[in-house]
Every structure is written in C-alpha cells, then in structure tokens.
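Here's a quick briefing on a structure, grouped by topic. Have a look at the model first, then read on.

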Amino acid sequence: MYLQCVFIVTICLCGVYNIRLCPTGGWFYHGHCYDFHNESYATFTQAQERCVRDGGNLVHVNNAEENAFLVEHVKHLRPINSWWIGLWYKDTEGEFSWIDDQSYITYQDFSAHQPDDHGSQHNEDCVLIWHKANWTWNDAKCSSQYHFVCEKGSVTDLVG
Ligand SMILES: [Ca+2]
Ligand SMILES: [Ca+2]
C-alpha cells in the first residue's frame, strides 16, 4: 500500500512538472540526465570531479528553458542553498567559459550587478545559481562550498 502511494504520488508530481526519471537515476530533460547534489557541499573543483566520476560535467546551461528547468528544481530542494553550475573563469582571456566544452557563454542569467568579481578583487571565478537573488546567477569564490548540478549526455549514451 505504501509503495503504491509513493508510486502514484511520483507519477502525479512528474506529470505536473512534466519531468521523469533517468534510467540510471537523476532527472531526465530533453535527452539529458541531471543529478542535483544537495546531500553535501562541495567546492567548484570537488563538484566537477564528482560529476566527471559519474560520467558527466557540471551543468552547461544552454538556454533559458534549461535554466528554468534547473531553477524549478533547486528552489524546491532543501536545505536551501546556492548551486554550482559549470561556468568559470578558467584563464585570463577575460571571459567565462563552460567547463564541458570550453565554449564561451551565449546565454546567461546573471543577477543585477553581477558578475562583480567581488568588487573587482579578482577572487570570484566560478558561477552559481544564487539562492539570495531569486535563483539568478552570481560569480563566487571557487573554494566556497555549495550544492551542485551535474549534466550527463544523451540517453543513448546512458543506455547503450
Ligand atoms: Ca545543457
Ligand atoms: Ca559576485
């Protein structure tokens, strides 16, 4: 009975949010699987290492729709905190780039007055979805610890 209820509730919630689970765990969205890690806190590097170990990368936010999918999840997960995404200031070329394919940003959702590099003190080189500004983006210190989201390739990669 308990399991039946869990199953029905899961089906209903997934129906409402138009989401479903990946065959290997995580949330399925447009052919990719997403793992929301809120069980612990990690630095940007630790987070990326964990994502790579699981066969993915820190999430590459390609467009507003994918960003909305992420925000819809993270704002409901507890404890409330910020979430690393796969965007960082890898080098001194003056632009943020995505960690999975080194591409520069075409879409971004930075908060007002961000990125600010902490008042130009040059110590904020990694980007997160910021719980303190309605889930918009902020550049933060890479050594700070937050939750994080991993994104894994296509479903055929996962099941093939
Ligand atoms: Ca993506
Ligand atoms: Ca900042």
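This is a predicted model: local features need pLDDT of at least 70, side-chain atom pairs count only at pLDDT 80 or more; totals for chains, interfaces and linings use all residues.

Buried here means under 20% relative accessible area, exposed means over 50%, and partly exposed is in between (1.4 Å probe, protein chains only). Residues are numbered from 1 along each chain as its sequence is written, ligands are numbered from 1 in the order in which they are written, and side-chain values use heavy atoms, with hydrogens and water left out.

**Calcium ion (ligand 2)**

- Donors are N, O and S atoms within 2.8 Å of the metal (3.2 Å for Na, K and Ca), and since water is not among the atoms, sites may look incomplete.
- Gln114 (OE1), Asp116 (OD), Glu124 (OE), Asn138 (OD1), Asp139 (O) and Asp139 (OD) coordinate this ion at 2.3 to 2.5 Å.
- Along the sequence, the donor residues follow the spacing Q-x1-D-x7-E-x13-N-D.
- Asn138 has 7% relative accessibility, so it counts as buried.

**Calcium ion (ligand 1)**

- His60 (O), Asn62 (OD1), Glu66 (OE), Glu66 (OE), Glu151 (OE) and Glu151 (OE) are the protein donors, 2.2 to 2.7 Å from the ion.
- Their residues are spaced H-x1-N-x3-E-x84-E in sequence.
- This site is irregular too, because its 6 donor atoms subtend angles of 51 to 142°.
- His60 is buried at 8% relative accessibility, whereas Asn62 is partly exposed at 41%.

**Aromatics**

- Rings of Phe, Tyr and Trp (its six-membered ring) pair if their centres lie within 6.5 Å; planes under 30 degrees apart are stacked, over 60 edge-to-face, and the rest tilted.
- The whole structure holds 13 aromatic pairs.
- One of them joins Phe110 and Trp137, with ring centres 5.7 Å apart and planes at 75°, so it's edge-to-face.
- Both of these residues, Phe110 and Trp137, are buried.
- Tyr89, Phe96, Trp98, Tyr107, Phe110 and Trp137 make up one aromatic cluster.

Conventions: Four donors count as tetrahedral if all angles lie between 85 and 135 degrees; four count as square planar and six as octahedral if opposite donors are over 155 degrees apart and all others between 65 and 115; anything else is irregular.
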